[in-house]
Structure formats: structure tokens, C-alpha cells
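Hello,

Here is the structure I promised to pass on. My notes on it follow below.

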Amino acid sequence: MSTHREKLRLADVHAFYGESHILHGIDLHLSQGELVTLLGRNGAGRSTTLRAIMNMVGRRTGSITVNGTETIDMPAHRIAHLGLGFCPEERGIFSSLNVLENLMLPPTVRSDGMSVEELFEMFPNLYERRFSQGTRLSGGEQQMLALARILRTGANILLLDEITEGLAPVIVQKLGDVLIALKERGLTILLVEQNFRFAAPIADRHYVMEHGHVVEEVQAHELAEKESLLNTYLGV
Amino acid sequence: MTFLGINLFGLFGQLLVGLINGSFYALLSLGLAIIFGLLKIINFAQGAMYMLGAFFAWMALSYFGMNYWVALVVVPLVVGFIGILMERFLVRPIAHEDHLYSLLLTFGVALMLQGIFTHVYGSSGLAYAIPEELKGGTRLPFMYLPNYRAWIIVASLVVCGLTWWLVEKTKLGAYLRAGTENPQLMQAFGINVPLIVTLTFGFGVALAGFAGVMAAPVYSVSPEMGSNLLIVVFAIVVIGGMGSIGGAILTGLAMGVIEGLTKYLYPEASTTVIFLVMVIVLLLKPSGLFGKEA
């Protein structure tokens, strides 16, 4: 497989919640094995971009191709089967399911997903607590469960929304290691991240969003020279 | 036979009637609870579906000579299919509206079905013979137990137990529980939630159809049989807690028994005792005995 194969492309994507026009013509693309972040302030439209890719917004227009397939008119439940795994900001752990049931819930979308044994090896806490109610886990454990859940399905494009939010530094470090390991496996990752210091060393590229537009694209090697520009956009 | 001044024949007789009624309460409130859990709508047509079950059993026997045992399998499937059509073509188009609309819609469907059957068959009620295999009874030391009544209790317990297992212990049930919590995320995982909703509605309605077939030989088959029962069943769902599967089953049986006991101790209160319990539960634990706190 070529390393430059395009996995995901958004062209002129607009998204709406009812009357609210949230995304105003987003263009972005990811090649296989890339880890790309969406940076921006709260409300810039980063989470909505991920939700638009999953068809979880009220209405969306434009073009979204996943693994080469146009999905703009596809019903929501068919999109994951193109190889997408979505980890929502609120983590989406089901309280009426135990940890194991949560882990096994999403259907397999491709054949080469990680096995349950591999995942328990990667996240030993989940194994110990596999029969606990999903929402009784700590925040960090819930985040690991939300991640493990989509890794089991074999999804090779991951959309991760604020996975480090509110977690202890040691857990954030662990998640960083996991992302690097996934990237080495050839997975393509689109990461919405507030914690720039977490994202900067592991990402290949960054898109900066503001008011529902992509306003800047920054390569990893340009970070130093564009630092002041980023500071203006991110208000850090 | 008396013991400490208690007429045991009378007491056990009423307890048995209570258990029978409780079996029907359990089946009907279970169907309501499953549908409410996933669709968040209250299916007012559940009573009419129970009535359809009884009528279809009667019609199958009278017109096609289909015996009770075959009807017990075929009729719930037919009623369930009607439920699937109802969800697909009536409930789904208004699913995005306020749930009051679907409540009114299902109430309207119930009234129409009841009206049609009253028009065709009259309101006096039809008789359905107890199947040959279950005629007769067993004389126990303290009571006479008709075989068919014992069968009702066993069969409804088995069906309720299987349903509980299906919802709480299987992968399909995990989809159902997760869909109850966050249908949108389920879709994003690649699960066809609309299909699950349709099948769930069909299954909940089929449970009512099953109860209807079971009821045909013991209650008279009449257009009003469903609406009479449904009000009590709603009270039971409120007592048990909306959306709790195990709660619906246990509360259904328990309320039947409480009703039976009241019939023995103070018959005048037997028709109101369940509503009294409902009021007390609502005051003390508004989410119901088995409901999750909101």
C-alpha cells in the first residue's frame, strides 16, 4: 500500500444544526498513516467537523470521501463500515452495559482489528474491570475504553475528539504512547485537541479552524516559525 | 377448609386468580416497557394488540380450524408484523415530533381497531374453548388448580424470563440497551438503529398478541378486553418504573397477587388497590420501584 494513499477528503463541506450554519466550506484531506490535528478555540467547529464526517449533524452538504467512497448521501449507520472509528468528546460509554459489553458493542467494520487480548494487554485496567458498569470507570479508563472499542472494529481511520480533556498527566502520556503505536501500525488519525503541547510532538500536520472555516494549515516542521500566528488563533 | 379462621379455599382461589391476572399484566407491561425504552413513546395500542391476539386466535380456529397451539405461535407473529407496519408507516413519520403525537396516534389506532371489531363482532364477547390437552385440573390439598390456569402462569413466566434474558444478557439486547441511551452514537458505530427500533416495536407488540391468545380461553374474547386491561397495565408500568424490563415483569406479577389478596380481604377495594399503590409509589419514589433516578 502506498503511504500517500488518500483516506479521507472533505471538499466544501457545510454543516447545519437546524437553522444554525456551523461549518462554512471545510476543505481538508488525510493520507494513510497521517496523524492530523484540528486546532482552534472552543466553538470553532472542530467537533462539528468530526460529527459531519459521521453524518451526526442536522444537515451537511459538499463532498466527503472515505477510502475513496463518496458518503455525503449515505445513511449514518453505513459510514462506519467504510473503516471509520469515532470517539466522541463525551466518550459515549454506555451506563447500561458493562465494560466488556461496551468493548464488544460496535460491529466489526474491517477484518484486521485488534483482538480483545491485544486490547486488554494495551489497557490492563480494562481487563481487571471488565465486568464493572461502563460508567463506573474513572475518566481515564473510560477514555481508554472508548478508544479500545473502536480499535477492535478494525477501523483504520480514527476520529478522536478531545481525548485528553480533563485527564491526569500520566494518563495523557499513556494516550500519547498509544497514538504513536497506532500511527506505526499505519492507522490514519484525525485528532481534535485542545492540548497543543500533547498534539504538537506527535502530529504530522495541523489544521487551524476559526468560525467554521479552516484558516491555516501548518506542517509539523513549520511549527516554530508559525508559533506567533498559532498563538493568535488559539489564544494561548 | 379453614385455618386460624381463614377460608383457605377462598384465599388460594383468589391468589390464583391474582397470579393469572398478574401474568397478563407482566406480559403487557413488559411489551410497553421495551417499546418505551427504545422509542420513548407510550404505545396506547398495546391493549388493542392484545385484543387482536385473542380475536385472531378465535378467527383462526373458527374460519381455518387452526388449533390453539399453532395459533400460539402464528398469531403473535401476525400481530408483531402489524406492529412493524404500524411503526414503519405511522409512528416513524412523526417520530421527530413531540411524543404526545405518537401517543395520540397509537390511542387513535386502538380506538379504530376496537370500533371495527365492535362493528363486526358486537361487544358481547365470543367464547374460545380451552384446548383439549389442558382441560381438567389437579386437586391440591388446599385448592383446585385448573390445568389451563397453571399453563398460563408457567408459559408467561417462561416468555417473560426469555425476554429478560434476551434484553439483559445477549448482544442483541446490548444493542437495545445502548440504543436506549444514545441512538446517534450507535449509528456512528455502524448499527442500523431504525431497523432495531422497528423490530423492537414489533416484538413488544407481539408480546401483547401472545398474551391475547393465552387470554382467549379464560376471558371472553371481546373488543373491550384490551382497553379494560390497559389502564391497569399503565399503572403497573408507572409503579415498576418506565423502561425497566425486570421491573415490569416483577411488578406485573406482584400487582396481580396484591389485587387477588385484596379481593379476598376487602373485595370492594380490589379494583382500586393498584391505583392506590401507584399513588404511594409516585409520592415516595417518582421514578418507580425499579426505575433509574432521572
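**Sheet in chain A**

Chain A holds an open sheet of four strands, in the order E2-E1-E4-E5, with antiparallel pairing. Strands E2 (20–31) and E5 (69–70) of chain A stand at the edges. Each has a single partner strand, so one side of each is left without a neighbour in the sheet. Please keep in mind that this is a predicted model.

Next, the pairing of E1 and E2. Strand E1 of chain A covers residues 6–17 and pairs with E2(A) over nine bridges, in the antiparallel sense. One residue pair to look at: A:Glu6 has A:Ser31, in E2(A), as its bridge partner.

Helix H1 of chain A (residues 46–53) lies across E1, E2 and strand E4 (59–66) of chain A. The helix runs at about 75° to E2(A).

**Nonpolar core**

The largest nonpolar core has 153 residues. A:Leu84, B:Leu27, B:Leu28, B:Leu30, B:Ala54 and B:Ala211 have the most contacts inside it. Helix H1 of chain B (residues 8–39) supplies the largest share of this core, with 14 residues.

Which residues does B:Ala211 touch, leaving out those up to four places away in sequence? They are B:Phe24, B:Leu27, B:Leu28, B:Tyr50 and B:Gly53. Of these, B:Leu27 and B:Leu28 are also listed among the core residues with the most contacts.

Best wishes

Note on methods:
Residues numbered from 1 in each chain as written. Chains lettered and ligands numbered in written order. Predicted model: local features only at pLDDT ≥ 70, side-chain atom pairs only at ≥ 80, totals over all residues. Pairing = 2+ DSSP bridges. Helix = DSSP H or I, 4+ residues; strand = E, 2+ residues; numbered from the N terminus. Contact = placed C-beta atoms within 7 Å. Axes fitted to C-alpha atoms, helices over the stretch in contact; angles between N-to-C directions. Core = buried A, V, L, I, M, F, W, Y, C linked by C-beta atoms within 7 Å. Buried ≥ 20, exposed ≤ 12 C-beta atoms within 10 Å, placed from the backbone.
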